[in-house]
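Please look over the sequence and the model first.

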Amino acid sequence: MFAGKEAVVGDLHGFAKELNKLVAKPVEEVFFVGDMTGSVELNKLKTLFNQVHDSVNKAEKLNALSRLKKLESDLLGEKMKPMGEREKDSEMSKLLEYKRHSLYMGGLPQDVKDNLVIGVKQELDKLIEWNIKVSSLGTRVYMITGNWDEYLPFDFEVKKRSVDIVKYLRGGGVNIYDNYGIIEEEKKIVLMAPYGVVNDGLVNQNILNKINLEKSRGSRVMMITHVPPNMRIHEENNHRKTSSEMEEQSAAANKVLFQVKPDELVYGHVHTRLENDNFVSYRDTEINMVYCAYREIKLRV
Ligand SMILES: [Zn+2]
């Protein structure tokens, strides 16, 4: 029993079975940095879309394209028709016109989206089951929403919800924050700062007052959020160029960070691992930044 210890969990994107490691080693508290939502198929579509866009080699691009088309057919329950050279080229240029994977996924046939939703719900059900199991062992579990928990990638551009994930998880008894929330503990206060509200760059004055009061009483302030407030740290490891959208989100997270001034910030969203991934000092401040990579589980003392 890992009494007195906490764990942080990076973007799961489905893959709830990863959490079985935590059932074997129960901890007092588990914090999720968002993006619990996903499925094998949804993640594959995103990866293949990015490969088509990012590969410099034409053969690699075409290979990713045909795998993407095969997956689309599978999701439709159809057999993939072989593509001729002309067809491949036209499918390729169609795909390259989509600037982001969310735009591409938004354009998928409804039957494909419906199938994807089924896969997503299956993973959410596993998460719910896991939560029930560890909660019965006395572990407290807290989650915040990431971008995929607020809108599935194919819902993101039109801002509608094929499935209300927050409602779905709450219905299963999961403690998930889609707005700021404070968890008070002995000599410790945790600010739960989910994706959407942080993206607006604002923190409620009541929340700030409460945090400052607890600081003056000697409490350690921990902030859990989704998007990194500083992309520079990640750019060397991350082979993708930071998009302007990401820069904006990062700037908003930074704005919130400097209003709150926590002792420690835990975040995820960027999937690639950092070489030096434990504590990152930030500019000349005392804030420790703890990055939790894709599906990573960090046990903390
Ligand atoms: Zn994310």
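## Basis

This is a predicted model, in which local features need pLDDT of at least 70, side-chain atom pairs count only at pLDDT 80 or more, and totals for chains, interfaces and linings use all residues. Residues are numbered from 1 along each chain as its sequence is written.

## Domains

The domain assignment, which is automatic or from a database, gives domain 1 (2-38 + 126-293) and domain 2 (40-114). Their C-alpha centres are 31 Å apart.

Ten residues of domain 1 are in contact with twelve residues of domain 2; contact requires C-beta atoms, placed from the backbone, within 7 Å. The domain 1 side of this contact consists of four nonpolar, four polar and two charged residues. Here Ala, Val, Leu, Ile, Met, Phe, Trp, Tyr, Cys and Pro count as nonpolar, Asp, Glu, Lys and Arg as charged, and the others, Gly among them, as polar.

## Helix α3

Helices (H or I, at least four residues) and strands (E, at least two) are DSSP runs, numbered from the N terminus. Helix α3 (residues 58-76) has 19 residues and spans 27 Å from first to last C-alpha, close to the 27 Å expected at 1.5 Å a residue, taken as 1.5 Å times one less than the number of residues. After α3 comes G77, with a positive phi near 75 degrees.

A64, L65, L68 and L75 of α3 are buried. A residue is buried if 20 or more other C-beta atoms lie within 10 Å of its own, exposed if 12 or fewer, and partly exposed in between. The buried residues of α3 fall within an arc of 105 degrees seen down the axis, so they line one face of the helix; the arc is that of the directions from the axis to the C-beta atoms. They pack against α2 (40-54), α4 (85-97) and α6 (110-136).

## Nonpolar core

A nonpolar core is a set of buried Ala, Val, Leu, Ile, Met, Phe, Trp, Tyr and Cys residues joined through C-beta atoms within 7 Å. The largest one has 70 residues, and V33, L191, A193, I224 and V266 have the most contacts inside it. Its largest share, six residues, comes from α6.

## Two lysines with positive phi

Most residues other than glycine have a negative phi. K159, in the loop between α7 (147-150) and α8 (165-171), has a phi near 50 degrees. K159 counts as exposed because it has 8 C-beta neighbours inside 10 Å.

K261 has a positive phi of about 45 degrees and is found in the loop between α12 (244-260) and β8 (264-267). K261 is partly exposed, with 16 other C-beta atoms within 10 Å.

Notes
Contact = placed C-beta atoms within 7 Å.
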